[in-house]
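Try each task on your own before reading its solution.

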Number of protein chains: 2
Amino acid sequence: MGHGANLLQAAIDAGVHINASCGGAGVCGTCKVLIEKGEVETTRTEKLSEEEYKQGVRQACQSRVITDLTVYIPVESRLEKAVLSREGEGVSKVLATGWRFKPPLSKFFIELPPPTLEDTTSDLSRLLRGLKQRYNLSNMWVDFEVVKRLPQILRDGDWKVTVTTLVTAVKPRAGDRRKPRVINIEPGNTREKHYSLAFDIGTTTVCGQLLDLNRGKVLAESIDYNGQISYGEDVITRIAYSQKPAGLKTLQQAVVTTINGIIEELLAQSQVELERIGHIIVAGNTTMTQILLGLDPKYIRLTPYIPTANFIPPLEASSLGIKVGKRVHLFTFPLVASYVGGDIVAGIVGAGVHQRKKLTLYMDIGTNGEIVIGNSDWMVTASCSAGPAFEGGGVKHGMVATTGAIEDFDIDPTNLEPEIHTLGGAKPKGICGSGLINIVAGLLEAGVIAQNGKFNTGLPTKRVREGSDGYEYVLSWAPETQIGKDIVITEADIDNLMRAKAAMYAGYRTLANSVGMPCCDFEQVIVAGAFGSHINIEKSITIGLFPDIPRDRFIFIGNGSLLGARLTSFSTDVLDAARKVAGMMTNFELSENVDFMNNYIAALFLPHTNASEFPTVSKRLTRTPITNQSRG
Amino acid sequence: MGHGANLLQAAIDAGVHINASCGGAGVCGTCKVLIEKGEVETTRTEKLSEEEYKQGVRQACQSRVITDLTVYIPVESRLEKAVLSREGEGVSKVLATGWRFKPPLSKFFIELPPPTLEDTTSDLSRLLRGLKQRYNLSNMWVDFEVVKRLPQILRDGDWKVTVTTLVTAVKPRAGDRRKPRVINIEPGNTREKHYSLAFDIGTTTVCGQLLDLNRGKVLAESIDYNGQISYGEDVITRIAYSQKPAGLKTLQQAVVTTINGIIEELLAQSQVELERIGHIIVAGNTTMTQILLGLDPKYIRLTPYIPTANFIPPLEASSLGIKVGKRVHLFTFPLVASYVGGDIVAGIVGAGVHQRKKLTLYMDIGTNGEIVIGNSDWMVTASCSAGPAFEGGGVKHGMVATTGAIEDFDIDPTNLEPEIHTLGGAKPKGICGSGLINIVAGLLEAGVIAQNGKFNTGLPTKRVREGSDGYEYVLSWAPETQIGKDIVITEADIDNLMRAKAAMYAGYRTLANSVGMPCCDFEQVIVAGAFGSHINIEKSITIGLFPDIPRDRFIFIGNGSLLGARLTSFSTDVLDAARKVAGMMTNFELSENVDFMNNYIAALFLPHTNASEFPTVSKRLTRTPITNQSRG
């Protein structure tokens, strides 16, 4: 580490992932490290207790390196890659149907007549003439880089060459022909080796797949944290960071480094050669997309929240620093609005929402919750800021869904003792988002907490107690944990979850109302997002996150964004659908909407202040004896 | 100068133009310099006489710098820029008619409604929507660089911006709409400042004009030697040089440096700011075009003579090193064949040949002579290697058309004394191409030479004598010259001119025959090329270069290439015409054509072996008394 350097930055530079939810502002306290040897200069904030400070604990973001150091990164501050792959587990459900296998990236082998004194047409005209005669391809645009290499390749291949074409993402108008681009030419017949990459660029994680475009198969998959995570936890902190000097460039490079690492991993897994990759399709939310492309995201967070563009022309991936061949184009999914991005468009086409008359609610649950309501005829969208609770943020012992996170929870109604299950079966380390839902639902059903989210006191258990942050329930005693401290859920944690689920509920309720629909008789509810795949339908209805409708209407599609990116790589039909869907979506801005505020306040209750909106839950809860009075 | 450096290269690096016809191979002897002080290491070739060597004369290309030097460059070896502007003299004749003033580069001012919470469409969609509503522009492609700057520009301009669009050179097909590109956006209303550049990139000289696209006017014009001249005199030597290591890059940079110098000059003359230049149109022969774009010209000189492409997509000028804004596109005129390039296509559209039924012969006379025969219905083309005689090359005292070149010549039939006129009225230094024609025609008419190009001996004049290279005629005695030597025309010089004119004549005769036309009853003869503008019709017919048809059918259009480039900058109609013309031209390859060889041999006579092909000349010559017997 360079002396004088910021410790968090030095760790990032060394490739060590340290949690830094607030982006290095010093206000979240997640980047605590223990200085075992050596000296740092630290600005102490209120996030560091007297005792911690004495022990040598420091906030990495607030420390400067003075001497050589040995630093221990506590488990709570560590981001581990190993168990991330859980997110990729289980095949996403492909609900979209009827598309033809017809990748936008195509290869054509052609044998041309060599030039003679009687046929002296130029190399390029000869190639285009051949493609027209043999494959009826016309109206082509040829990249200048291809023109440049053409003479040598044609002769190296003895006039037998393979041409790669790409159908670009520019929306064709009625009556206009598609204009495929010739993006590469190789000597000989290389059709057999024909691959592309699909990426989901999430705020927290980046997931990539290597696709075989001849067979329509996923050959490899890899996932990693988005390198930007060290600069802030959510899109708002990232946008704030991007406004610092060189901030945008730093963030862009961070995600590009992540992408490059994933590409390396995919190539290693599949034994495919880098130069056989011909195309990249990326789906991401608006902020992630703009940062990746180097488009200043400044106006995304300023009212009235305007993205730079909805449809972005494809560009050369290498121009962004992505380590692929010079002629590989990167296509980003079209965006709808500042907080409804290409990931949602990808999910909608992957789930086939646009193909059916069925009235659908599509939800992507996360710090930023995105909602789509509609069918093949119309679609409305909105986003709501749920806060980080679903991803383990803003929760005393919250954590991302990695090894040691408490994910499932049951409670013995007789003695109020918990039964917990952690990810990876390890000793508990904290609580992930889906665990939080299950815990709150369990505590509610057992009467440990009341419908206003407050603890019932005087219960016959030592697990409910008054802690430094108010009332709390002990999920795991210190000796049983990895962190050597009691793992608890506090009233403040429950409050954060209630705000999060209230925002989601108010979001789809307001959106439904705004198109004249009474909430919430959806014929189908599609839940997307890696997080979404691991939550329990019944318990999510219990806390009022999901609508109280027949359980068989719920479908989890996992990473819908990656699914859409993959299908688009396989079919221009899906590519066209993506454009159409992005164009037909009407976005409603909820942040300053009065109905939304009213719906939100009404939903700050478990499951809801209006019991009739959750009939089956209300019925069940009334059977539950409330043993002691609530402090409501 | 760096010690150890090649002296020719050191001079080039220092911006000093030295003649080096052979491209530094040591075989032409044109780059002789006098070492006045200091030391060089030289390989002596047969081009350097014993005496010259003793005096300190060296071939720059064969010398390495040993110490600091003072070098004198003799006038014969010097290329002077000052009188080049003569080539730009006189307005080219615009023969093309009926085109609308509608530049491919357009500016649109637009005032957009600022975004609100009710209208949150993206910046780009807002812009496109505005352009559609206000100007009915649709189907636009927006450059990524514009997308990137869009948010800031829109807000800096308070939603009032000027958009620059370019109609690209990609040939539209029937039924397809034009797809204008948005290549720039500026805050506020900048329509008033709207300029572009037109260039003719010749093998010897580069000529540029700065155009006002609002008024359709030429604001400034400048000309300079093509910096590649130090690497070879003609396209074949240049192609050979391009095959050396880094040769192509060196040649490309040489012409780009010339272009940049011209741009600087044009801006200084016109007081236009660099960033107001929005577009560049370039016309050049196939080799010059390919080298400028960095397209390997290797196959142009190998049979069957194949250029890389006929239609080249426009590209960013700055990517070639041209010092203009990042968003300035460079459009090169479409090419027809390896030796019929964009300069000819430009000339044809500038001359309006494609607009009339009139059977036309279009000639561009130079080292490489290009010929077009046709009208609005059909066109055939060919090129023939005339050799450098028309440009003063391969001639003992030949020189390019600069100050001191003998340009006009009369002879007193009574005493055979010459009357010479030089360019710039200076003391004579050598003979330029048009001078050579006039001299040979004069000598022929006065009976000093016979129709086979040999001197008649025993004439009553000391001016005809036997020199070291055979018989010669003294045009100017040493004391009257700049070079302190007798300036003579030799039999070898006359022979070279006869070969050159025979190649041109055989070219258009063969081409006419190949489409079933008897030579040479053209309804119109258009002579292009800066050289062409200064030659005498009557004398050119006398030597058999031009066909013996009524003199009023001849039209000189000057630099047709620059003319076409300028008109195309002013009108998409002309742009479309250029595409159409390039597509309709059928090229005939003459280099291995038997008819051409026969026609060539028959034309190696003054004016021609077949007197009936030049009736008026033959009639006049028979009246001329041949005073002494020819040594034929």
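**Exercise 1. The interface**

Task: Find how much area is buried between chain B and chain A, and what share of it carbon and sulfur atoms give.

Solution: Keep in mind that this is a predicted model. Start with the area: about 4200 Å² is buried between chain B and chain A, and carbon and sulfur atoms give 61% of that. Next, look at the polar side of the pairing. Twelve residue pairs are in polar contact between chain B and chain A, with both residues at pLDDT 80 or more. Salt bridges between these two chains number zero.

Now ask which elements of chain B take part. H3, strand S7 (141–142) and H4 of chain B each give two or more residues to the side that touches chain A. H4(B) provides the largest share, seven residues. By residue type, this side of chain B divides into 24 nonpolar, 13 polar and 13 charged. Finally, count the residues in contact: 50 from chain B meet 51 from chain A.

**Exercise 2. Two helices of chain B**

Task: Work out how helix H3 (residues 123–135) and helix H4 (residues 144–156) of chain B are oriented, and which residues make their contact.

Solution: First take the axes of H3(B) and H4(B), which come within 9 Å and cross at roughly 75°. Angles of 65 to 115 degrees count as roughly perpendicular, so H3(B) is roughly perpendicular to H4(B). Then list the contact: H3(B) contributes Asp123(B), Leu124(B) and Leu127(B), while H4(B) contributes Val147(B), Leu150(B), Pro151(B), Leu154(B) and Arg155(B). Sort these residues last, and you get six nonpolar, no polar and two charged.

**Exercise 3. A salt bridge across the sequence**

Task: Locate Glu186(B) and Arg276(B), and explain which parts of chain B their pair ties together.

Solution: Side chains of opposite charge can pair when their charged atoms come close. Here the side chains of Glu186(B) and Arg276(B) form a salt bridge, with 2.9 Å from N to O. Now place each partner: Glu186(B) sits in strand S9 (residues 180–187) and Arg276(B) in the loop between helix H6 (247–270) and strand S13 (277–284) of chain B, so the pair ties together parts 90 residues apart in sequence. For context, the structure holds 62 salt bridges over all chains.

**Exercise 4. Around a serine**

Task: Describe what Ser106(A) touches, leaving out residues up to four places away in sequence.

Solution: Ser106(A) is part of strand S6 (residues 105–111) of chain A. With sequence neighbors up to four places away excluded, Ser106(A) touches Val163(A), Thr164(A), Thr165(A) and His194(A). The side chain of Ser106(A) also reaches the backbone oxygen of Pro103(A) at 3.4 Å.

How values were computed
Residues numbered from 1 in each chain as written. Chains lettered and ligands numbered in written order. Predicted model: local features only at pLDDT ≥ 70, side-chain atom pairs only at ≥ 80, totals over all residues. Heavy atoms only, no water. Axes fitted to C-alpha atoms, helices over the stretch in contact; angles between N-to-C directions. Helix = DSSP H or I, 4+ residues; strand = E, 2+ residues; numbered from the N terminus. Parallel < 35°, antiparallel > 145°, perpendicular 65-115°, else oblique. Contact = heavy atoms within 4.5 Å. Nonpolar A, V, L, I, M, F, W, Y, C, P; charged D, E, K, R; others polar. Buried area = accessible area lost by both parts, 1.4 Å probe. Salt bridge = Lys/Arg side-chain N within 4 Å of Asp/Glu carboxyl O. Polar contact = N/O pair within 3.5 Å; in protein donor to acceptor, adjacent residues only side chain to side chain.
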